[in-house]
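Subject: Structure for your review

Dear colleague,

Please find below the structure that I am handing over to you. I would be grateful if you would read the notes after it with the model open.

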Amino acid sequence: KIDMCIGCHGIPGYQTAFPEVHKVPKISGQSAAYIRSALDGYRTGSRKHPSMRGIAESLSDQDIADVAAYYSADGVVAGATLPEQPSKQPSAQVAALLQKGACVSCHGANFAKPIDPSYPKIAGQHADYLFVALKSYKVEGNGPVGRSNGVMAPIAKQFSNAELKAIANYLQSLDGDLKTIP
């Protein structure tokens with residue numbers, strides 16, 4: 001069932017060109033609930049990506065549950081735990097941005113333990129992917145590149161693209177559970 005996934009998510013450094021060139025997200029170690037939520041978003045169109053939509057539409061609910069379960073366990077080291085606080089402190093500018101967005105209130109103090117399993121772990125995720133994802137919440141009317149999310153849209157809209165890039169760069173620098181496993 002993961003054959004369609006490994007062609008992109010199983011290649012370190014692999015990039016997509018939609019809506020702009022960026023690395024595909026690391027999904028090994030992400031929570032099963034978040035992976036299910038993301039795939040459902042692609043199926044319904046609340047997340048925009050032509051390849052992902054086609055893949056998600058081809059999967060049954062059971063397929064999605066199985067893929068999500070696989071990737072949530074893929075590469076997880078038994079007994080390994082992340083610190084409760086980020087492995088690296090942000091600059092004063094980024095700390096102010098994180099506070100303004102109240103990022104820890106959903107994604108956890110270390111950005112790797114979200115308060116709800118359907119929210120993504122973002123510590124250690126590729127910065128260019130995070131930047132594109134954050135910008136997509138700012139798209140009005142959920143156009144061909146937008147993401148529909150009642151919580152993230154107003155948060156992302158309060159930041160300039162330069163500020164979103166600074167946040168994404170910081171989050172990439174953190175230790176997290178996310179991996180790309182060849």
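This is a predicted model: local features need pLDDT of at least 70, side-chain atom pairs count only at pLDDT 80 or more; totals for chains, interfaces and linings use all residues.

Residues are numbered from 1 along each chain as its sequence is written, and side-chain values use heavy atoms, with hydrogens and water left out.

Helices and strands are DSSP runs numbered from the N terminus (helices: H or I, at least four residues; strands: E, at least two). Helix α2 has 13 residues and spans 18 Å from its first C-alpha to its last, close to the expected 18 Å at 1.5 Å a residue; the expected span is 1.5 Å times one less than the number of residues. Its buried residues are Ala32, Ala33, Tyr34, Ile35, Ala38, Leu39, Gly41 and Tyr42. Here, buried means under 20% relative accessible area, exposed means over 50%, and partly exposed lies in between (1.4 Å probe, protein chains only). The cover over these residues of α2 includes α3 (50-58), α4 and α7. Just after α2, Gly45 adopts a positive phi of about 95°.

Leaving aside residues up to four places away in sequence, Leu171 touches Phe111, Ile122, Ala123, Gly124, Gln125 and Leu130 (contact: heavy atoms within 4.5 Å).

The axes of α5 and α9 come within 10 Å and cross at roughly 100°, so α5 is roughly perpendicular to α9 (65 to 115 degrees). Axes are lines fitted to C-alpha atoms, for helices over the stretch in contact, with angles from 0 to 180 degrees between N-to-C directions. Gln93, Val94, Leu97 and Leu98 of α5 make the contact with Glu163, Ala166, Ile167 and Tyr170 of α9.

Finally, the structure holds 9 salt bridges, each a side-chain nitrogen of Lys or Arg within 4 Å of a carboxyl oxygen of Asp or Glu. Lys1 and Asp66 form one of them (2.4 Å, N to O). This pair links distant parts of the chain, 65 residues apart, with Lys1 in the segment before α1 (3-9) and Asp66 in helix α4 (residues 61-73). Lys1 is exposed at 53% relative accessible area, whereas Asp66 is partly exposed at 31%. Lys1, Asp63 and Asp66 are linked in a network of salt bridges.

Asp128 and Lys23 form a further salt bridge (3.8 Å, N to O). Asp128 lies in helix α7 (residues 127-136) and Lys23 in strand β2 (residues 22-23), so this pair ties together parts 105 residues apart in sequence. Asp128 is partly exposed, with a relative accessible area of 22%, and Lys23 is partly exposed at 26%.

Yours sincerely

Notes:
Angles under 35 degrees count as roughly parallel, over 145 as roughly antiparallel, 65 to 115 as roughly perpendicular and the rest as oblique.
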